[in-house]
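Reader: I am new to this structure and would like to go through it slowly. Could we start with the terms and then turn to the parts themselves?

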Amino acid sequence: MRPARALIDLQALRHNYRLARQHAGAKALAVIKADAYGHGAVRVAEALQGEADGYAVACIEEALELRAAGIQGPILLLEGFFEADELELIVEHDLWCVVHALWQVEAIERAALGKPLNLWLKLDSGMHRVGLFPAEYPAAYQRLLTSGKAAQITLMTHFARADELDCPRSEEQLAVFQAATQGLNAPTSLNNSPALLGWPQIKSDWVRPGIMLYGATPFDRPQPLADQLRAVMTLESKVINLRELPAGEPVGYGATYITERPSRIGVVAMGYADGYPRHAPTGTPVIIDGQRSRLLGRVSMDMLCVDLTHLPQAGLGSRVEFWGPNLSASEVAAQAGAIPYQLFCNLKRVPRLYADD
Ligand SMILES: *Cc1c(COP(=O)(O)O)cnc(C)c1O
């Protein structure tokens with residue numbers, strides 16, 4: 001059997017969820033959109049059952065997968081509905097729903113619903129992607145209130161630059177949020193992972209941690225709280241072939257790496273078809289039998305090469321960790337011009353093995 005696999009540590013996941021909840025002193029929706037950032041949404045939701053205050057996904061397709069698997073409790077649709085006919089299913093499956101545009105307010109007003117909805121009215125406080133503008137926001141809130149279609153309205157916004165710890169933008173967005181929601185008596189939801197970890201002065205009733213649940217830091221530098229997170233996914237494989245080459249020999253497609261000295265090279269069963277980033281350059285760190293080494297040459301679809309020259313004890317069958325407890329996905333991502341979110345979401349083909357002890 002091909003040795004490439006992703007180990008998923010559900011204890012670490014719960015540790016990270018608890019850290020989010022405790023530090024925020026708020027209720028926390030576990031953000032498990034995009035198949036729980038590649039970790040498997042159903043398994044992740046199950047591991048947090050009885051503990052999570054609720055879940056958040058991108059769309060109704062993701063929510064229905066969870067309901068079909070027996071997941072109970074609140075599930076928030078972070079982009080609301082895409083078409084008005086989803087409202088019936090939202091009621092039927094007891095889903096919570098973001099409202100980020102005026103056309104959605106109108107659709108809710110027009111809909112004949114069996115039950116009032118739990119709505120999260122999103123403000124565009126400066127991200128300029130979705131959300132009502134500050135000038136439209138209070139009126140939209142009143143319309144939902146008087147429509148009789150809302151059982152509960154939560155006031156929500158999203159930060160664009162909370163991962164930049166020196167950037168004043170999050171404080172500016174907070175001020176816009178506070179001004180636009182002044183006088184509205186309703187719960188709030190502001191924090192994604194970086195806002196939760198890095199901006200303790202930004203408080204809300206509901207936080208929405210995503211990447212931190214999976215143990216990856218959203219920051220580009222050490223940060224005391226983020227450094228307490230535990231990696232949930234270990235991407236690993238094994239050395240399947242060895243090459244001893246003299247200096248001056250090319251390795252892999254395009255000969256982008258040429259041996260600088262007599263070299264011992266390990267070929268590993270891992271490639272971009274598994275989700276390992278193709279743009280990771282020579283020098284990207286890997287862990288071989290517990291010791292740091294580096295990628296050599298271009299990543300291929302199913303294989304890649306690593307340097308074993310300084311690791312004489314390593315050989316056929318040596319274990320290679322690409323990210324996990326000993327090497328952060330954030331560090332690898334930075335090398336590849338990516339972010340840990342993207343590495344996790346790109347995971348494919350490799351079997352996911354779950355551990356819960
Ligand atoms: C994805 C998402 C989150 C989670 O963001 P992280 O940076 O992964 O914590 C929170 N809120 C909204 C609206 C999102 O779309």
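Author: A polar contact is here a pair of N or O atoms within 3.5 Å, where, within protein, one atom must be able to donate a hydrogen and the other to accept it. Please keep in mind as we go that this is a predicted model.

Reader: How many residue pairs are in polar contact between domain 1 and domain 2?

Author: The domain assignment of the protein gives domain 1, residues 10-216, and domain 2, residues 233-355. Counting pairs in which both residues have pLDDT 80 or more, the number in polar contact between domain 1 and domain 2 is 4.

Reader: Which side chains meet in a salt bridge, at 3.1 Å from N to O?

Author: Between domain 1 and domain 2 the count is 1 salt bridge. A salt bridge calls for a side-chain nitrogen of Lys or Arg within 4 Å of a carboxyl oxygen of Asp or Glu. At 3.1 Å, N to O, the side chains that meet in a salt bridge are those of Asp-35 and Arg-352.

Reader: Which helix supplies the largest share of the side of domain 1 that touches domain 2?

Author: On that side of domain 1, α1 and α2 (33-37) each supply at least two residues. The largest share, 3 residues, comes from α2.

Reader: What area do domain 1 and domain 2 bury between them?

Author: The size of an interface is often given as the accessible area lost when the parts come together. Here 13 residues of domain 1 are in contact with 10 residues of domain 2, while the C-alpha centres of the two domains lie 37 Å apart. With 63% of it on carbon and sulfur atoms, the area buried between domain 1 and domain 2 is about 1,000 Å².

Reader: Which residues of domain 1 lose the most area to domain 2?

Author: Together they account for 42% of what the domain 1 side buries, and they are Tyr-37, His-39 and Ile-211.

Reader: Is Gly-25 buried or exposed?

Author: Gly-25 sits in the loop between α1 and β2 (27-31). A residue counts as exposed over 50% relative accessible area. Because its relative accessibility is 65%, Gly-25 counts as exposed.

Conventions: Residues are numbered from 1 along each chain as its sequence is written. This is a predicted model: local features need pLDDT of at least 70, side-chain atom pairs count only at pLDDT 80 or more; totals for chains, interfaces and linings use all residues. Side-chain values use heavy atoms; hydrogens and water are left out. Helices (H or I, at least four residues) and strands (E, at least two) are DSSP runs, numbered from the N terminus. Buried means under 20% relative accessible area, exposed over 50%, partly exposed in between (1.4 Å probe, protein chains only). Domain bounds come from an automatic or database domain assignment. Contact means heavy atoms within 4.5 Å. Buried area is the accessible area (1.4 Å probe) that two parts lose on being put together, summed over both. A polar contact is a pair of N or O atoms within 3.5 Å; within protein, one must be able to donate a hydrogen and the other to accept it, and residues adjacent in sequence count only if both atoms are side-chain atoms.
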